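Dear colleague,

I am passing the structure on to you below, followed by some notes on what was found in it.

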Amino acid sequence: MVSAALAYVSRPLLSLTLERRRALGLFALSLALLLFPLVYDDDATIDSVANALSYATLALGLNVVVGFAGLLDLGYAAFFAIGAYYYGIFTSFQVMPAWSEAWAPLAFLGLVEKMNQGGPDLVHFTLSFWLALPTAAIVSAAFGVCFGAPTLRLRGDYLAIVTLGFGEIVPIVARNMDGVTNGAAGLNGIQAPRLFGHSFGVDSTPYYYVGLGLVALLIFLSSRLRDSRVGRAWMAIREDETAANAMGVNPVRFKLLAFAIGAAFAGMTGVFFVAKLQTATPEMFNFNVSSMLLVMVVLGGMGSVWGVVVGAVLLQLMQTWFLPQVTGWLHDLGELVGSQFLVGIDLVQWTQLFFGIILIGMMLYRRNGLIPATRKAPPLNFAAQHAEVTRGGFLHLDRIPRWEPGEGALDIRGVSVRFGGLVALDSIDINVPAGGVVAVIGPNGSGKSTLFNVITGLVPAHSGSIVFRGHELLGLAPHEVLTRGVARTFQNIRLFPNLTVLENVMVGRHARLRSGAVASVLHTPGNRTEERAAETSVLDLIAMFGNRLTPRIGQVVSGLSYANRRRVEIARALASRPQILLLDEPTAGMNPAETLELAEQIKSLHGMGLTILIIEHKLDVVTTLADTVVVLDHGVKIAEGRPEEIRRNEQVLTAYLGRAARAAIMEADRVA
Amino acid sequence: MTSTDLLLQQVINGLSLGAMYSLLALGFTLVYGIAELINFAHFNVFMVGAMVAMLTLQGFGLVGQETILTGLPLVGTLLAGFAVAMLVCGGIGVGIERVLLRPLRGVKGPAAMITTIGVSYVLFNVVLLTLGSDAKNFPNPLPPIVWHIGGAVLRLREVLIWVIALALMAGLTYFVQYTRLGKAMRATAQDPEAARMMGVEVDRVVMTAFFLGSALAGACGMIFGLYYNLAKVDIGFAAGLRAFTAAVLGGIGNVPGAMLGGVVIGLIEAVSGQTIGTAWTDVIIFGLLVLVLIVRPAGLMGRLAPNKS
């Protein structure tokens, strides 16, 4: 009966598309939140919700740093404190320099006022709340860059401890700099915000609406950033910094951007929080705040915008409603059964214990949080799974622009690389003509991958030069090398495991796109055109592999087959529109049929004018593809020539097979 | 007191602090060397060690500084205090590894580190809820023997701290360098996969690292109590951050480096507290950590564990 009624009511809902249903839900939620204080007029509850909202904004900011960019920041409350003290100092009576006429212009703008407390005239700062919000964002972002800069070269775990230290230092500084911050006692007499001449005072309702506005703004900003070039760059860094760098993402710039934006969110929240409380003490910003925010982000789901909001609200509910409520029940129960222990219990004091338990429990049982950022794409349907594989050469090549002849000549001269005492490459000369295919072969440990690493800037060279289209590549960072038109794949496949096929390949396009954070948030016409064009060309690239990848663009790459991951990596490299493609053992681990297919595909790329430098062990692949073969052994080039010459080269045979085998082969040749 | 005496006194104090930080830093370094993990639980395992040592001494009927013991009873009580604190902490370390961290081994990203933060929180709050937040009077049965070196004062407790810390470090060095399990540990730190293929039981090695590190934290807790005559629920954070700085300063993963780093940090704390002011000690130590990480991330003595990627 009930289910029938429910089905009847929900039928019109189900007929809507997913987006429509989402929009409707969002509308209903907004309406409920907007009407809430009018319907439920209890100041304490509204105050508590307003607090929850400010924690939600903080969690959203931390989510940019931890969830998007993968930088575990344990001292995030520091930026909260900076915003709070910024507003506190410039609206309270703590810092009051002597008045002089130089202050007059500021007084005219309403930022300061002249005051006399019996004695000389003094300056009283009267920064408006509405002006403080954006400026606090800027000030905190500047601090974010300063704190972030020294930590950028550190691996993730060091970053955690350094940020922990910063988070500890800011309250210490606040406590010790009495003159500015009034020390441990804290700032008092902080101005309440005013709007159209009315002070907010101590009524919670206006704060509730400001908080609601901030949360809505930050959800909007976070979502826009996440689905942009900036967000993709952050997630690529989070998943694999080296690969992101090699695909054209400048890790320093984007990590700093994450720090700055996260700090800006916290700074704004600090202003709001302090305006609401009208006091600021060092204890409000200690490690407990940072860790509570971490719990919120972990609980909701790192990287999940709605998740962290839910996490913040749940934790706030737990503290202000659930735990006191359960405590009351336990007391009643204790009185009923006559247990002094139960009567004496106060679960609110257990809050932080529960925080710890939540962290542990989430890591053990639900690492991606209550609302995971990436939801699994639906599995392929039967038809897609059993479709005839289209193979052999690339399809739809007509959709991809051809390369101009003359592009892509690479000249490597006298390049040496040393690791400590080991000479990995010894004065190597290789010339890759434009439009040519050069294969590098050699036994394991001969320096082939090091060669690729030195070309792409991952490993510094000791000496030599690498000139590509007239530009020196040595000394450039990996993302700069990619921007010059050199793209690579990795021997041991380095995709971004938790991103989808489409997102992975889109990261490859990063260096060819321009949109920054502002354009991404505003969805400027330029940004929209650029994103649309990028997606089209990336889909065309993916379509080259027939129906191997296209049905799977929404799937997370860690679930793909080995061969498909190789294909995604090649597509990702091609997405940067390189002039030369460096393939590191592209067919390793593939079966003969797949190897053949890939070889043909590489051949068609070459046919379109792309220059290729390839490391390969399978000699039949090398023979089919390469014009020239270079043989490395122990970091030295021991031979160079056409594939059939190399097959007969004595030194090569010795390096690969040893002297005895070489003699046998030579003997057999002679007899034949 | 002349300024030389003052300096000498601060060196004595600094060496005692350094002995503590060295022991605590060893725990960070052992676990980091083997598991590439910053163990945030270590902060509060140390605090639990201090509490357990205190309860053990109180169990022998010692209260505050009134009861003075000598001879065999003194040695026996101290040994018991150390043994219980070390065993309990070692057990906690093994428990953390076995129950909470082993399921996360091989999981990429910050999951394991977040778990240790959670454990740290749980330990802290369990002690807070059961023993309270007040500073406790840690029983100290040592006779008040004092030597005067010029104007500086050297107390028996300082000598004892140095001797015990040195003995523990010598024992650890011997273990890591010469025993079968110690060699297995070093091999695992270099390359867990290769070690596994050569027959090293990596699970056992990781567990041993957690046991040893945590047991040393327990010993450190006892030493802390004897040195300051107090134990408090929030002692873990400051001491832990300094010890971590010591581990990084010496080169994380490097056992002798952690010992050296601890002594350096102890000396810096004592001297800067004298000259600049204790309110800024945390800022100075932490500034040093950032500086080391920027200028010489491998630390003074270099990391022994290669950077696994």
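In which sense do strand 7 and strand 13 of chain A pair, and over how many bridges? Strand 7 (residues 437-441) and strand 13 (residues 628-633) of chain A pair in the parallel sense over four bridges, where pairing requires that DSSP finds at least two bridges between the strands, and helices (H or I, at least four residues) and strands (E, at least two) are DSSP runs numbered from the N terminus. The bridge partner of Val440(A) is Val630(A) in strand 13 of chain A.

This is a predicted model, in which local features need pLDDT of at least 70 and side-chain atom pairs count only at pLDDT 80 or more, while totals for chains, interfaces and linings use all residues. Residues are numbered from 1 along each chain as its sequence is written, chains are lettered from A and ligands numbered from 1 in the order in which they are written, and side-chain values use heavy atoms, with hydrogens and water left out.

The open sheet in chain A has six strands in the order 10-11-12-7-13-14, with mixed pairing; strand 10 (486-488) and strand 14 (636-641) of chain A are its edges, each pairing on one side only.

As for the interface, chain A and chain B bury about 3600 Å² between them, 78% of it on carbon and sulfur atoms (accessible area, 1.4 Å probe, lost on being put together and summed over both parts). Across that interface the rule finds zero salt bridges (a side-chain nitrogen of Lys or Arg within 4 Å of a carboxyl oxygen of Asp or Glu). Helix 7 of chain A gives the largest share of the side of chain A that touches chain B, 14 residues.

Best regards

Notes. Buried area = accessible area lost by both parts, 1.4 Å probe.
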